[in-house]
There are 2 protein chains.
Amino acid sequence: MPATAPTTTRDALLHAAFAEFFRHGFQAGSLSAVVGAAGATKGALFHHFAGKQALGHAVVDEVVAPLLATRWLDPIADTDDPVPALQASFRRWIAEDAGSGHWVHGCPMNNLAQEMSPLDEGFRTRLDALYARWRAAVADALARGQRAGSVRADADVRAAATLVVLAQQGIWGTGKYSQDPTLMSQAGEALCAYLDALRPTTAR
Amino acid sequence: MPATAPTTTRDALLHAAFAEFFRHGFQAGSLSAVVGAAGATKGALFHHFAGKQALGHAVVDEVVAPLLATRWLDPIADTDDPVPALQASFRRWIAEDAGSGHWVHGCPMNNLAQEMSPLDEGFRTRLDALYARWRAAVADALARGQRAGSVRADADVRAAATLVVLAQQGIWGTGKYSQDPTLMSQAGEALCAYLDALRPTTAR
DNA sequence: CCGCGAACATACCGACCGGTCGGTATGTCG
DNA sequence: CGACATACCGACCGGTCGGTATGTTCGCGG
């Protein structure tokens, strides 16, 4: 076994690449900056990844996808009352990103999807699949809510799930260009109001 | 006099730059490609614009802003019944972009806002102002609807306007990564359903 | 008819990019 | 201990980028 575990250098590169692409975009992101931030060298990077494109794909698979799961999928995976769960997620992550300052760079997943989808089919299929999984998770949670009586029976769960995910893109995008956390949370509250309308009238 | 009038060269450069930045983004967009598409030269470009940044700002001021006005602002400028007007706009532009194929590149204004806002304050302030004007136009239209009785009096027009504009970003973003016009129009219909809920219950 | 500046064109520059390649250090294995 | 593999290093390459310096054309006031 080598002195340093092989996964450590690779992971350092992967996370440095995620940060670099998050801040500057994929195309404008510099591999020299990535290896610098990771404390590695070009040789190490090209040893572990076939090229910039492969590095980007690995970032989606191994960094972005788990982030999506912990942030948005897991919190609604088992709930029978999805409306407050979704509202809590939105309020929590809006507040957290506003506090950390990460919000000025938008949503990493949406950034990559918007920049790379028309240019690289590998990026597009990966990110399209992630967004489809996201919509399905929201739709499933809403359907469970319908069965449990916490969501109106006449609600179109597929359309609602599409709107929720699409609104997440819009909210983080709004924060990015406005650099105004007030506007961002106002946008979040507008979505929360929409979600409230999905509850049965008796529960309101 | 040159073979082409001076304003024509400048306009050709401007529109070629708009197309180039729309397809490849601002940073990845090439000035050589711009001058090639415009049938001009580097000398002409740097004669009319101080640099790539100034060219980009001019594209926002002189191409994107008028496009926003004709597409989204003018159609709701005077209406007292904003809900069907907004729905018609969304359905029309979704259908048009799906037909032209432009939709795979998303929304030009949102593309620039997402890419350049964290990097260039000149872009950010311009695009932030355009989005603010957009939100104001929607909110004004909804307020007129309230006065005319075509919009529920208890609706929060500011929050609704924020959601409508944010949803536009999300819908075009969804079309871009999914490359699925069906999903895009489904997203549009989800928003139209939300808009329907803004009408008075008696009108439904 | 002349000069003069605006409107271009052409040739070129340095910087930086992703990617390559010869080499090395540190193992493992028979 | 020799043969080989993995992990990593860093100088270097071709190419493209935004930008510039200089030359040329041409309408137009005098």
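This is a predicted model: local features need pLDDT of at least 70, side-chain atom pairs count only at pLDDT 80 or more; totals for chains, interfaces and linings use all residues.
Me: How many residue pairs are in polar contact across the interface of chain B and chain A?

Reply: A polar contact is a pair of N or O atoms within 3.5 Å; within protein, one must be able to donate a hydrogen and the other to accept it, and residues adjacent in sequence count only if both atoms are side-chain atoms. Across the interface of chain B and chain A there are 14 such residue pairs, both residues at pLDDT 80 or more. As for names, residues are numbered from 1 along each chain as its sequence is written, and chains are lettered from A and ligands numbered from 1 in the order in which they are written.

Me: What is the count of salt bridges between chain B and chain A?

Reply: A salt bridge needs a side-chain nitrogen of Lys or Arg within 4 Å of a carboxyl oxygen of Asp or Glu. Between chain B and chain A the count is 0.

Me: Which elements give two or more residues to the side of chain B that touches chain A?

Reply: Elements here are DSSP runs numbered from the N terminus: helices (H or I, at least four residues) and strands (E, at least two). On chain B, the ones that count are helix H1 (6–24), helix H6 (108–116), helix H7 (121–148), helix H8 (157–178) and helix H9 (181–196). H8(B) brings the largest share, 14 residues. Sorted by class, that side of chain B has 17 nonpolar, 13 polar and 6 charged residues. For the classes, Ala, Val, Leu, Ile, Met, Phe, Trp, Tyr, Cys and Pro are nonpolar, Asp, Glu, Lys and Arg are charged, and the others, Gly among them, are polar.

Me: What area is buried between chain B and chain A?

Reply: The size of an interface is often given as the accessible area lost when the parts come together. Here's the rule: take the accessible area (1.4 Å probe) that two parts lose on being put together, summed over both. Chain B and chain A bury about 3100 Å² between them, with 58% of that from carbon and sulfur atoms. In chain B, the residues that lose the most area to chain A are B:Gln114, B:Leu166 and B:Tyr177, together 23% of what that side buries.

Me: Now inside one chain. Which domains does the assignment give for chain A?

Reply: Domain bounds come from an automatic or database domain assignment. For chain A, it gives domain 1 (1–49) and domain 2 (57–203). Their contact (heavy atoms within 4.5 Å) takes 13 residues from domain 1 and 17 residues from domain 2. The two domains bury about 1200 Å² between them, 74% of it on carbon and sulfur atoms. On the domain 1 side, A:Phe18, A:Phe22 and A:Phe26 lose the most area to domain 2, together 50% of what that side buries.

Me: How many salt bridges does the rule find across that domain interface?

Reply: There is 1 between domain 1 and domain 2 of chain A. The side chains of A:Arg10 and A:Glu62 meet in a salt bridge at 2.5 Å, N to O. Searching the whole structure over all chains turns up 16 salt bridges. One to find is A:Glu189 with A:Arg91, where the closest N and O atoms are 2.8 Å apart. That pair links distant parts of the chain, 98 residues apart, with A:Glu189 in helix H9 (residues 181–196) and A:Arg91 in helix H5 (residues 82–100) of chain A.

Me: How many helices and strands are in chain A?

Reply: Chain A has 9 helices and 0 strands. Its C-alpha atoms fill a box of roughly 65 × 35 × 35 Å along the principal axes.

Me: What pLDDT does chain A average?

Reply: pLDDT is the predictor's confidence in each residue, from 0 to 100. Chain A averages 92, and 95% of the residues score at least 70. Over residues 1–6 of chain A, though, the pLDDT is below 50, and this stretch has 1 contact in the model beyond near neighbours in sequence.

Note on methods:
Side-chain values use heavy atoms; hydrogens and water are left out.
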